[in-house]
Amino acid sequence: MAIEAEGLRKRYGDTEVLKGVNLSVPEGTVLGVLGPNGAGKTTTVRILATLLPPDDGRATVAGHDVVEQPKEVRRRIGLAGQYAAVDERLTGRENLTLIGRLYRLGRAGARKRAGELLERFDLTHAAHRETKTYSGGMRRRLDLAASLLAEPAVLFLDEPTTGLDLTSRMTLWSMVREQVDAGVTVLLTTQYLEEADHLADRIAVIDKGQVIADGTPDELKRKVGGERLEVSLADASDAAEALRILERISVGSAGTSDNGCTLTVPVASGIGAIAEAASALRDRGVEVTDFAMRRPSMDDVFLSLTGQAGSAEAVEEQEVTA
Amino acid sequence: MGELVDDVMALTGRHMRHIIRVPEKLIGVTIAPVVMVLIFGYLFGSAMTVPGNGNYREYIMAGIFTMVMFSAVGTSAAGVADDLKNGLVDRFRSLPMSRYAVLLGRTFSDLAMTALSCVVMAAVGLLIGWRAHHGLLKTLAGFGLLLLLGFTMCWFGALIGLVVRSPEAVNTIASLMTMPFAFLSNSFVPLDGLPRWMQVMAEWNPISAVVSGCRQLWGNPSTTVSDALPAQHPVITALLTCGVLLAVVAPLSSRAYNRAAAH
């Protein structure tokens, strides 16, 4: 295991932020840590990255104990934070060269590696500019590049795309993917459900300081429920009729939305039942504008596990940790 | 040890680049002290007489030098608070670097700035009639005392920055904390007029010790009349009080740094 945590606990004053977090991440895989604000995601990352000692529990990262051998851990990890930790007054190249020297790559080694990473992260054109002139996406890329200077075995990304626009997020995702393909183990915290869905091999959902569910994205979705048939009607007055037909193949209770124009019913897999429903709707003259099988989204997973939606608004708030 | 030196050098390079990028920072360490020399030397000097008919401009130079050493508190505090705020401290702490490197890099760089101030002020001082009378070695020893005080103040500033954390508030708090030290000393006025208890505090104030030490080493007029230990042996008192302060403040700063969280 590249990352192994057992029973991590942390308390700030009267608030127990972590109540025994267990995680394990096999080498070369991505674990997405998902949770609402204040769930304990950042605290977990800070403990694993040796920035914060746990009150109780133990953790090893890249084969070394985070409390006993922090320096050995630090040699093998990269950390990219919620806000891009770069020196605004230095240029992109100077930032990377400085961090490279502090990673003990040597003066020449740091300079060479900085050049490579600027190239790979598409920052060469801005390398000579002070980073205060960089856009949000460029800063995140530089931050990620800085975390990769020493070719870490384990990479911690704490909400790496919070606040970025979609294009920048997708660029960053593909850059993270490249690292994973090269064998790097990644622990990623995020509030974006699609980010976890997109990048993570496995997902751990944290809420109120505990891991309340974990598994592959598919497993989590299955836990929440099976497939559902979604039927959109041209005319809401057909809803009652359509519902009667759909209830014959439903394995649970049906839902309506869109002023009754969209009906959703959970179905057991089986093409026969669906085909039967389709032809019954046609025979009755119900005009259907959309007819689709839908699998639960990460939003459904999140909602059913934590009782909270992973809303986009929540992203603006900073996670309270200290 | 070699690794520590490498780290400190890399970080000192970072701070030197800041100065190139923000040349306004140089104004604080060069122009401001010059203005102080001129104001104290001419404006106040015209209204004051030093006991024993000493030259007031020679008398006040040591005081102005120490005031400028003191301003290092605010500079270091603001720098550290800035790094904390923008997450750089987190990054540094996740690196396999020496745990003292960040604060040493900060304090050495700020000390280099105060040394630059000293050079500029000494030049202006010479122009307005200040002289050191006891030869090169003792003159340099006086500056050594000043830099020791400056280094101590840089560490003090780092501690304030790590504890206060807010870049906006840190400068005010740093000056509030250092103001009493600066003025409850013999920098600009003789201590004889003070009540006895204040006199004792002022005598043991490291500032007074450094000021008296410099005056002694430079052969400038001194107002020391007390037979108290610090007044009789200012150089030793200066080394002792700065040394003790440094021995307390530096480990406290390191501890605060190692526990610092970005938010």
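This is a predicted model: local features need pLDDT of at least 70, side-chain atom pairs count only at pLDDT 80 or more; totals for chains, interfaces and linings use all residues.
View 1. Side-chain values use heavy atoms, with hydrogens and water left out; residues are numbered from 1 along each chain as its sequence is written, and chains are lettered from A and ligands numbered from 1 in the order in which they are written. B:Cys214 has a relative accessible area of 0% and is therefore buried (under 20%; exposed is over 50%, partly exposed in between, with a 1.4 Å probe and protein chains only).

View 2. Over all chains, the count of disulfides (cysteine sulfur atoms within 2.5 Å of each other) is 0.

**View 3. Here chain A meets chain B, with 35 residues of chain A in contact with 28 residues of chain B.** Contact means heavy atoms within 4.5 Å. Together the two chains bury about 2,900 Å², 54% of it on carbon and sulfur atoms; this is the accessible area (1.4 Å probe) lost by two parts on being put together, summed over both.

**View 4. Zoom in on A:Asp87 and B:Arg14, whose side chains form a salt bridge at 2.5 Å, N to O.** The rule finds 7 salt bridges across the interface of chain A and chain B, each a side-chain nitrogen of Lys or Arg within 4 Å of a carboxyl oxygen of Asp or Glu.

**View 5. On the side of chain A that touches chain B, α1 (41-48), α2 (70-76), β6 (77-80), α3 (92-102) and α5 (136-147) each supply at least two residues.** Helices (H or I, at least four residues) and strands (E, at least two) are DSSP runs, numbered from the N terminus. The top contributor is α3(A), with 5 residues. By class, this side has 16 nonpolar, 6 polar and 13 charged residues (Ala, Val, Leu, Ile, Met, Phe, Trp, Tyr, Cys and Pro are nonpolar, Asp, Glu, Lys and Arg charged, and the others, Gly among them, polar).

**View 6. Finally, look at A:Ser279 in helix α10 (residues 271-283) of chain A.** A:Ser279 is partly exposed, at 27% relative accessibility. Between A:Ser279 and A:Arg46 there are 56 Å in space, C-alpha to C-alpha, and the two are 233 residues apart in sequence.
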